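Here is a briefing on one model, arranged by topic. Look at the structure first, then read on.

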Amino acid sequence: MEAKIVIVGCGMSGVAAAHRLIKAGFKNVHVLEATARSGGRVRTGRLGDKVIEIGANWIHGPSVGNPVFCLAQQYGLLDPEALTEENQAMDIGGHPPWVPTFLSSSGRKLNMEDVLPAHEMFAELLEESAEFSNQGVEPLPCVGDFIRTEVRRRAQERWSGVDANVRSLRQCLISNFLKVECSVNGAHSMDDVGLGPCGLYKTLPGLDCVIPRGYEGLIHHLLAELPDGLVAFNKPVQCIHWNNTERSPNPVTVECRDGTTMAADHVIVTVPLGYLKKHHSSLFHPALPLHKQRSIQRLGFGTNNKIYLEFDSPWWDADCEVIHLVWEDEDAMVDQIPDLHRSWIKKLFGFTVLKPTERYGHILCGWIAGHESEYMETLPEQEVFNAVTQLIRRFTGNPTITPRRVLRSQWYNDPWTCGSYTYPGVGSSDQDLENMMEPLPTKKSPSQPLQVLFAGEATHPCYFSTVHGALLTGWREADRLITHYSAKLPPQPSKSKL
């Protein structure tokens, strides 16, 4: 098929769309990538000689319903454990059952009997907060307010006879759990996450797993099956001129920053929501319809960064999989740090332990979200190293612990992403996600249809923020074009039966 299709962005959704179109027989497909590499927010790096993920970390819900898992399995990229039926059947509801250690800011290890009442109440409230999307009524606008209000109310009922210090500690634990959720959602605060729409996100069964040799391997396998020269790197797009009215055979012209232009019948835009928030007014001419602009504004797009630390030897227990850092002055149940410049490090909720040790050695991954994370990106690496070292020494009570090396991600200051991933902001709804995926011109227009199509994790109605969401949306928009051209083909004469 000769239709000229331009795909903007060579992340997972762009690669998936190109792959689907080429396999369906489209010959005139071009991918324009702003940077020198493919993968977008799938980005594998190295800490010393160890493979680590700077971007997407896990396959969330690795089971038969997850196309990322199926492709990784097909390409032989997974550990045998990830392929077991038991792992695929495990329904973790988005929260892996990691073995935790809880450390306090006074340098002591907390007992699980102190932790469990707060953890159980928080998990219960998270589950309840996801149910308001089905009810159509929300008692409060945001998840943060709902959790704080309900903890105070239920604590009076359930913890009335508990010592004041223990009760205070439990509320400090709630602060830590709120910070965890900021990282999970990619939000500055759970006060920014809408209570009604937060339940739109759906999980798949399966115990989250990694791709041992790096997530980017999946992108490279897909690209290896496509024609050479399909992707133009270092080719940022300046403006997409759609609904061309001049006598042009193509309804769309893609103008690149280097001054070159490409005429196209269809453009699939796969840029992150963070980039759209910042640049949609200049990226499209004519401007996007107002309802689409408002959905871009209402949906949330925040920052979640990693700080990797390598040690000569472990200072954590052999079975430990996640370390939580609990500040004993945070019984107000907060997930925002008022003094950003002096205390940004308090937003880091803790560390996950990279396993197995035989593969990774002794590496921890610290997680920090929000404006504190964005501020962290601006600091010299030595300052980040010092802050994290002092943090660990304080929480362990060991003044000699020193990392061998550090590596951090910097997604907010990446000009092509402007953050990490999408979450349902306060005031958003499922209609906003529908608006995000709507092609241009809209159905009401008499112009040639499907000039500009939209893919990427922010356009999936329930798998936003995930790699499988990005992949599925790339396939969806490719299929939209495949169906469009299939409908235009003349019907094949049926063969008479003998």
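Thr270 touches Ile7, Val8, Gly9, Ser13, Gly14 and Ala455, leaving aside residues up to four places away in sequence; contact means heavy atoms within 4.5 Å. The model is predicted: local features need pLDDT of at least 70, side-chain atom pairs count only at pLDDT 80 or more, and totals for chains, interfaces and linings use all residues. Residues are numbered from 1 along each chain as its sequence is written, and side-chain values use heavy atoms, with hydrogens and water left out.

**Two threonines**

- Thr270 lies in the loop between strand 10 and helix 9 (273–283). Helices (H or I, at least four residues) and strands (E, at least two) are DSSP runs, numbered from the N terminus.
- Thr270 is buried, at a relative accessible area of 8%. Buried means under 20% relative accessible area, exposed over 50%, and partly exposed in between, with a 1.4 Å probe and protein chains only.
- From Thr270 to Pro461 the separation is 191 residues in sequence and 15 Å in space, C-alpha to C-alpha.
- Thr101 sits in strand 5 (residues 100–104). Thr101 is buried too, with a relative accessible area of 11%.
- The contacts of Thr101 are Lys109, Asp317, Cys320, Val322, Ile323 and His324, again not counting residues up to four places away in sequence.

- Five strands make an open sheet in the order 6-2-1-10-19, with parallel pairing. Two strands pair if DSSP finds at least two bridges between them.
- Strand 6 (231–232) and strand 19 (452–454) are the edges; each has a single partner strand, so one side of each lacks a neighbour in the sheet.
- Three bridges link strand 10 (residues 266–269) to strand 19 in the parallel sense. Val267 stands opposite Val452 of strand 19.
- Helix 1 packs on this sheet and touches strand 1 (5–8), strand 2 (29–32) and strand 10. The direction of helix 1 makes about 160° with that of strand 1. Axes are lines fitted to C-alpha atoms, for helices over the stretch in contact, and angles run from 0 to 180 degrees between N-to-C directions.

**Helix 1 against helix 16**

- Helix 1 (residues 12–23) and helix 16 (residues 467–488) pack at about 35°, with axes 7 Å apart.
- The contact includes Met12, Ser13 and Ala16 of helix 1, and Val467, Ala470 and Leu471 of helix 16.
- By class, this contact has eleven nonpolar, three polar and two charged residues. Ala, Val, Leu, Ile, Met, Phe, Trp, Tyr, Cys and Pro count as nonpolar, Asp, Glu, Lys and Arg as charged, and the others, Gly among them, as polar.

**The hairpin**

- Strand 3 (residues 44–47) and strand 4 (residues 50–53) run antiparallel, joined by four bridges. Arg46 has Val51 as its bridge partner in strand 4.
- Two residues separate the strands of this hairpin, and Gly48 in the turn has a positive phi of about 65°.
- Gly45 and Leu47 form the covered face of strand 3, while Thr44 and Arg46 form the uncovered one.

**Cysteines**

- How many disulfides are there? The count is zero, where a disulfide is a pair of cysteine sulfur atoms within 2.5 Å.
- The sulfur of Cys70 is 11 Å from the closest cysteine sulfur, in Cys209, which is too far for a bond. Cys70 is partly exposed, with a relative accessible area of 29%.
- Cys198 is in no disulfide, and the nearest cysteine sulfur, that of Cys142, is 10 Å away. Cys198 is buried, at 16% relative accessible area.
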